[in-house]
Amino acid sequence: MICQECNERPATLHFTNFSNGEKTELHLCERCAQEKGEMFLMSQGPGFSINNFLQGLLNIDSPFQQKTKEPFQQETVLQCDQCSMTFPQFLKVGRFGCGKCYDTFREHLIPVTRRLHSGNSSHNGKIPKRVGGTLQLQRNISSLKQTLSDHIAKEEFEKAVEIRDQIRSLEKKLADERKEGK
């Protein structure tokens, strides 16, 4: 399909707008979509931009929402020391200005990462099938060790004993699989 704006490049972005029961479709190449930007999308009707869609999906406050402030209260905005990007700017743009931004905004990114990874704050990726057995066991053991620490900290010793036993059996199974592999 060819871009409806330039009629030269292939359309890679496809927008569908439902307004008053009517469906309109727009097919653009990347360059034309960048040139038109959000203003073009907003002029097409009561739609929204990709950034607004992602903000809604991730439950991030929209930059257009005004928060009520107490009089004489200064709002402190978190800002990167290296590139001077603020967190609201990151939310609007959708990407960081430099590598230090990851460290600067780390605490604000954890809830976003957990929503993206189904409750996990780290991405583990896929496991190749040929090494999947031992790697999966190692991950289970490390996860159980973290759970064990949590139960000990909460002084839930009965649950901690059960988890300890699970860890021991998995470690034995892991040792057996490693012996078979040699």
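Because the model is predicted, local features are taken only at pLDDT of at least 70 and side-chain atom pairs only at pLDDT 80 or more, while totals for chains, interfaces and linings use all residues. Residues are numbered from 1 along each chain as its sequence is written, and side-chain values use heavy atoms, with hydrogens and water left out.

The protein chain contains 7 helices and 2 strands, where helices (H or I, at least four residues) and strands (E, at least two) are DSSP runs numbered from the N terminus. Followed along the sequence, these elements give the pattern β-β-α-α-α-α-α-α-α. Of the 182 residues in the protein chain, 22% are buried; buried means under 20% relative accessible area, exposed over 50%, and partly exposed in between, with a 1.4 Å probe and protein chains only. The accessible surface of the protein chain is about 14300 Å², and carbon and sulfur atoms account for 50% of it, the areas coming from the Shrake-Rupley method with a 1.4 Å probe and, for residues, with only the protein chains shown counting as cover. Among contacts (heavy atoms within 4.5 Å) between residues at least 6 apart in sequence, 31% join residues at least 24 apart.

A nonpolar core is a set of buried Ala, Val, Leu, Ile, Met, Phe, Trp, Tyr and Cys residues joined through side-chain atoms within 4.5 Å. The largest one here has 10 residues, namely Cys 80, Met 85, Phe 87, Phe 90, Leu 91, Phe 96, Cys 98, Cys 101, Phe 105 and Leu 109. Helix H3, residues 87–93, contributes the most to this core, with 3 residues. Another core, of 9 residues, lies apart from it and includes Leu 137, Leu 148, Leu 170 and Leu 174.

Thr 86 is found in the loop between helix H2 (50–57) and H3, and its relative accessibility of 14% places it among the buried residues.

Beyond its neighbours within four places in sequence, His 151 is in contact with Glu 156, Lys 159, Ala 160 and Ile 163.

Arg 178 belongs to helix H7 (residues 157–181) and is partly exposed, at a relative accessible area of 43%. Although Arg 178 and Thr 134 are 44 residues apart along the chain, their C-alpha atoms are separated by 7.9 Å.
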